[in-house]
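Please open the model in your viewer and keep the sequence panel beside it. The tour below goes from one selection to the next and says what is found at each stop.

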Amino acid sequence: MRTIKVLIVDDSELIRQLLSQIINSAEDMEVIGVAVDPYDAREKIKQLNPDVLTLDIEMPKMDGISFLRNLMKLRPMPVVMISTLTEKGAPATLEALDLGAVDYLPKPKTDQIHGLQEYALDIIDKVRAAASANIYTLERMQNARANIPIAREKEAPYGFSPGRIIAVGASTGGTEAIKEVLLGMPVNCPPLVLSQHIPPVFSATYADRMNRLCDISVFEAKDDMKLESGCAYLAPGDYHLKIIKKGSAYFTKLDQSEPVNRHRPAVDVMFDSVLDAAATKAVGILLTGMGKDGADSLLRMREAGCNTIAQDQETSVVWGMPGAAVAIGAAVDVLPLEKIFSKALSYCSNR
């Protein structure tokens, strides 16, 4: 079994020690070095050739975002950001994902012993997923929109069948993958519902960011919102997003029932509710992410007669969730990211 070599970059000695202890406890990974700032990190990367970097955002001499921007231009590699989970910290973390970071983790609270075991599992899972991340895709994030513009229509010149819903699930790498899907949506598209594994503080910031970037309107879902065309509804962090039907209209329903696949929101919960509400009028899309959340429910959608799409391996940052769906035959189509939005729209059109 190959050992994953990890370099920790953080100016806090306590955090470096805690992360080192957690990562070294996993049989398949080893901390090969620590760096106290980006300049130290630059030299350690050359010397030690790590497989994965954990990177603090707020550091002396150079902040983590500036360092990441330079790193992804000169030596793309899997990076997991260590972020402060606050409203102030959310935009910087989302910028890091936009620059090509694979994932992010909250700063560990060293004074809270309870919960550290779950935190340790998250660190190990995310570092392991980062080690398997598709470096081509990380580089592509830097170049695609500048060099390969998405073919977009402000408003589709055709209509869509009534009652259609597009449901999208994602995890690791998903904030950028969802963005590409949303950027391709015309203002008259069917409503979209989105479940991305994301913490509570980040979901509102992410929805607001997407709303500013996209032609369609993007909301963090609230309870009992009516789904409208030209709109997307993102599950808030720590809430499952379900869709229910009242008459001929669809509405959101939020709940905090138990996590599914260790996640809340869970893609499986959303897909199953969309299938119950919309039946074959639903289109299911499963994007990049670690684990298998959404795979079983995507299969249930396909077996019920829905059109289902999984992102292909080449364009996924981590081909866990879509790969699990493909393995069990849940996807009608397996497509590169840039072709997913147009295929979903074609399934919904009344042409």
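Begin by selecting Asp 28 and Arg 128, which form a salt bridge whose closest N and O atoms are 2.8 Å apart; the term stands for a side-chain nitrogen of Lys or Arg within 4 Å of a carboxyl oxygen of Asp or Glu. Asp 28 sits in the loop between α1 (13-24) and β2 (29-35) and Arg 128 in helix α5 (residues 116-131), so the pair ties together parts that are 100 residues apart in sequence. Helices (H or I, at least four residues) and strands (E, at least two) are DSSP runs, numbered from the N terminus. This is a predicted model, in which local features need pLDDT of at least 70 and side-chain atom pairs count only at pLDDT 80 or more, while totals for chains, interfaces and linings use all residues. Residues are numbered from 1 along each chain as its sequence is written, and side-chain values use heavy atoms, with hydrogens and water left out.

Asp 28 counts as buried at 10% relative accessibility, whereas Arg 128 is partly exposed at 34% (buried is under 20% relative accessible area, exposed over 50%, partly exposed in between, with a 1.4 Å probe and protein chains only).

Next, select Asp 255 and Lys 242, another salt bridge, with the closest N and O atoms 2.8 Å apart.

Finish at helix α10 (residues 295-303), where the buried residues are Ala 295, Ser 297, Leu 298, Leu 299 and Met 301.
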